[in-house]
Amino acid sequence: MAVLLIAALPVTLYSQIYYSCDFEDVTENSQWVLNTGARGPLCESKWFIGEAGNYTLGGENGLFVSSDSVNAVYKSTQAMYVVAYRELTLPVGTYNLDFDWRGMGNGSSAQIVVAWVPATQATNSNNAGSLAAWANNYKVGNSLYASKIWQPGRATINVTAATQQGKLVFVWSSARDVAKPPSGCVDNITITASMNCGAVANLTYNTASAMLSWSGSADYYQVRDYTPYDSSLVVYDSVATTSHRVQLNSEGTHYFYVRGVCNNGTSFTPWVSTTTFVWIPGRRCIEYMDLGISTSNAGRCYTGDFDTFIKQEFFGHPQQGTLEKVDLGPSSAESMHTLHTDLNEIDPTTTIDGGLSTVPDGEIASVRLGAYTGSGKSARVEYKYTVQAGMSDLLDLKYAVVMQSGGHSAELDPNGEGDMNPTFTLNILDGSGKKIDGCTQKYFVAGFGDHNAWHQEGDWFWCNWSTVTVSLRKYVGQTITIRLTSARCSYDTHPAYAYFTMGCRGGSLEGLACGDFATDHFTAPEGFTYRWYKEDNPSVTLDTARTFHIDPLDADIYMVECHDLTDPTCYYTLTANPNPRFPLAQVTYNVTSADCQNIVDFSNSSYVRVVNRSSGETMSEEEPIYDIFYHYGDGEEEWVSGSSNRHVYPVEGGTFECYAVASMNDGVCQDTIRYTITLPDLLHTGSQDTVHICEGDSVQILSGEWVKRDTVYTTYAANKYGCDAPYDHYVMVHPVSYDSTVVEMCEGGYVDFEGKRYTETGNYTVNLRTIHGCDSVLELKLTVIPRLEVTMADTIEVCADDSVIPVPYTILKGRVSEVHVLPDSLGLARGFQPDYPFEAEDYIMVPVPEHLHPGFYRMTITLGTPDCPSDPKSIVVKVKYSSAIIAQKNDIVALLNENYNGGYLFYGYQWFRNDLPMPGDTTSYVVVTDADQGAKYYCMLISDDGTVIETCPIWYTSARTDLENVSVLSVTPQVAQPGETVMLNAGGLIKVYDSLGRQVAEYKKTAAGNTVISAPNHAGLYLIVAGDKVARIIVR
Amino acid sequence: MRRALYILLLTTCTVATATAQFHKTTDGRVNHFVTFSLAGGEANYFTSSRASDYAPSLKDKLGADGIFMLSYEMRKNWFIFGFGAQADYNYTRQQVGDFTEIFDRKDREDEEVHYAYRFSDYTDEQHVLHVSVPLYVGANIGYLLYVLAGAKVSIPLLSLHKTTTDLSTDGTYVRFIHTIEDAPSYGYYTVDEYSYSSSFDAPEIKISPFAEFGFRIPVRSRSGRVGMRLGLYAEYGLPLSINNKHLLVDYSFVDKNPFTQNKEQLRSSIVFNSPLNTDILSKKLSQLSVGLRWTVLINVTPPEHICMCDRDF
């Protein structure tokens, strides 16, 4: 983004950003003039805008010098300077020029020069020549060099009337020297008016609390956490306070920068920085940085002298030395076992050829073994290491040795005498302390060996960083000791010290395809010489290159010998199997919540499955997969190479859906394993204590206040997870406790309450004291629910042609929620359904199946209750023959035969009149007379199955008299509600019968005129007989 | 009929032979007698036949005859010839087996019903008075015995019959189980005795061959002209015609709708005919009578020689 302000006359500077450029805007980038002049393009190193120069969080571009247009590297074969500038117009005034830069170089041999040059001044590049004078004349700030890492730069621009229109110029100047990358890079340029803004000071980082704190008076602050090791940049903008918690999730030296921001974000204080070094245990096969004297340290430190370390061993009595660690810091010459973490640091005793960086590229720190004082002890460090297959079967020792030659010999004479130069040795010992085979031993003597490797400054010899690879493949599973010794000369004077790092890598082949892709070549590990041959024909060497090509469908197994460069007799052999290979992800994890961190350590045991191309059988499952993509489920994910990986989750914890992807061949083949991790909230597990008082009492809390109400007083302290968590001091006031228990139970049960048994409804109270000594009243509200008591008739009589079977019941006690009527097996066989459900409010009306055979049916009535269970009831439904099987003729009442009555056959008869048996009337008909009008008749029948059951009755209404002369009883209404008033056109004795022939009511009214009676209370069909008049009424 | 002729022939031959033999023993003069006789015995139609399996059976239960005869006899030696006139009373009681007659009718509600008349203990008594003209020949056999044979022609003067029976009626409905009985308003009456008397058609002419055999009873009289004989006779009546076209029970006067006719009316309307006039018989009835006859003879021969020695009557 670019902001440009043009002012023609000197004006009052306002608080604003006059220019800003992060090289992300294409239009702004086009305003920059790069590699100016005719000679600019001829320079061996030129300015570019691209990724190599980016230092913007989320950005892609920055300004950088490059000799290959892509990387931040430069050539320095001759003096040259190349220019990049941006024309700007600024009002007269003083400005702060802020930018980020890096550039190694070596002082004048390679540097960045910043200048504000009048627009009229020529600023051409020169591909052969030293820095032009104009660059020094208009230079602002200091020359910038000797920084591998990005850092902020600030310069002051004083704009005069003559320089209002000017050029912001960046010049890369280099001389003929050793090129030390990175080349010059610039990003995030801002020009602001120089305004007051409280500077940041006293910037410190507390590793225990992960708190960055400072002093200042700005409106707010910007915080950067820059880790050069992995080029990670974390920016915290708008930090309102003078402290900020910065969780360190990556290794290496963290450079913290803080600046104040004022005037609505238009004024900035200079960046203030501090550093902290972080290394995360568990990421390395050998924790070479863990130095100490304890058995818990990975590297145990010793001191000794020539006799101890060299002579005694020569004579077969190897000595270990004195367990001692001498660490006075990396800047102390006397330190013998110390850690160097400054990526920009140059060893002070090395000056030529750019000097020796104390930390090699690609490492976060190195160990210096040995002091470089004039005389003193020698230093030793030993590491115990259990060789693991795969990732760790090749030990890479990066080392850079600095020794002062005393002109002694390289070794002792056969008698163990003689002077000897300082030495640096690497020994690998087995579990009993004996040196294992010679291929694992390395030996350096000052001034001896390959001279091309040494840089000599007087009698000081130093060699630059080199890597020696030792194969430990033969010792997989064994615990070995790696011993490094920097020994002074035989007089314990001329020092020898070395910087070293250690790492492991897999000694496996590259180029193996995976999945459905065919392998067409193998590439052996770097750092050896090679011999390729077929497994079944080892004597024939097929190739000696590092890469060996095969046919993609080749299924033969090949072997390659990797020979040590320093000792070709030392080698190990790898198997090259071109058959299909597939990744299998296997990752486990272990959670540790401590130091206010949720730490999860992942263990990777993923492997490659090799499948025979022809048979499909698994050939091998031994090759480990080290490259795992971890998706942590907290928004972070990363690729990690190794058998273990640690990730720090948010302190708030939670449930994280994670997965790990085992990848082969740079992700061509992958396998994913998913898992869910649940972590505690570390911040909100504060402790608490509670003081209990009774209502009316008071207590003094920590603040001195007397309280008599519920109070929480919070202090802060570290909880069990090491986090600052609130510690709540509760005061709980207990009122008179009143607890009421409501119990409902069924009649017949009991409740035990406070040691007493209760069986009846009522409220019962017990006075107690609480555990806090306060009054407590317990009340029991007991409701005894009566068991359901229901009355219903044992026998219900219906006619076979009735539509329903009413089953009236009366609830004496309890409640009914539902009713089920369950017919017996006879009923089921004759058409009843297995279950008739009814709601509590419903009348039980069981539908009568069509053509129901008269008989006795037993039905079980189950009454569901919401309260207490009740026993089912059993009733008998007596289904009589329909009265329709009786025909009335004048003077004859006869039963219809089987062809007319529905197929019933009868074998016995007994007629009843008005419920009295008629003696002698034992046939299928009776002859009646006029005197029998209104009489009720039914016949008891014996059916073919032996059932004895009567018909439903008829009322004889026929007579010799013409039917028209039979009086009709008028009833109003003919359909009435229970208890409703019914009007009749008759008087005298009035009887009411139900459908079963039972008399349900009798009235004696005056003989003449209309009469009123009440309709029966239950639903059903009723017959009203008044003298010789008959009528029917339905009650609903 | 054919059987009657065979018996007549046989009797005549027997008498002729006896007479011829008697003639051999006595020489004779012709005597003229006037006789009157009284006879009585059992009569039986031997009816147990039935027109068909469905027809009720008809059986004689009792039969009796009473005969008074006045005749002229001529006798010469042993030969007897006579003719005369008879008054012949016959009583027969017959019984008909139980039977039922069913008619499809409609009852008072116009409902179809099988209406049944059920008869039991059905008894018919017949009283018949015949006038007969006998003609006969005979012979005295020896001193005591005699035999006669002949035939007579009878003509009924009076024939009465009386039927009594137990009758019940009932109705059977298609839709009911049992037959409805004892429902007077429907004409279903319980068993009761019904009777009916009337004349009936006895056979108009009856030829009855007869034979008699007995012994002479000596009678001491001053004139010596009276004689007696006592004999056993058998007659077999053969009706030449009979009227059997009548129904045993005639419902012509009975109302089909019981609603309009009660029991008494039924009783007075139903007509029972003599079984002899009905077609329940499969054949004409013939009646055999067997009995005793006492005959008084009075010699009316003019005296020529009153011979005191002739004691043949």
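The legends below describe close-up views of a predicted model. Residues are numbered from 1 along each chain as its sequence is written, and chains are lettered from A and ligands numbered from 1 in the order in which they are written. Local features need pLDDT of at least 70 and side-chain atom pairs count only at pLDDT 80 or more, while totals for chains, interfaces and linings use all residues; side-chain values use heavy atoms, with hydrogens and water left out.

**View 1. Helix α3 of chain A and its packing partners.** Helix α3 covers residues 306-314 of chain A; helices (H or I, at least four residues) and strands (E, at least two) are DSSP runs, numbered from the N terminus. Its buried residues (under 20% relative accessible area, 1.4 Å probe, protein chains only; exposed is over 50%, partly exposed in between) are A:Phe306, A:Thr308, A:Phe309 and A:Ile310. They pack against β20 (299-304), β24 (378-386), β26 (423-429) and β31 (479-487) of chain A, where contact means heavy atoms within 4.5 Å. Just after α3(A), A:Gly316 has a positive phi of about 85°.

**View 2. A cis peptide bond between A:Pro181 and A:Pro182.** Omega for this bond is near 10°. A:Pro182 lies in the loop between β9 (165-174) and β10 (185-193) of chain A.

**View 3. Positive phi at A:Ser69.** The loop between β4 (62-66) and β5 (80-89) of chain A holds A:Ser69. Phi of this non-glycine residue is near 70°. A:Ser69 is partly exposed, at 38% relative accessibility.

**View 4. Positive phi at A:His851.** A:His851, not a glycine, has phi of about 55°. A:His851 sits in the loop between β64 (845-847) and β65 (855-864) of chain A. With a relative accessible area of 72%, A:His851 is exposed.
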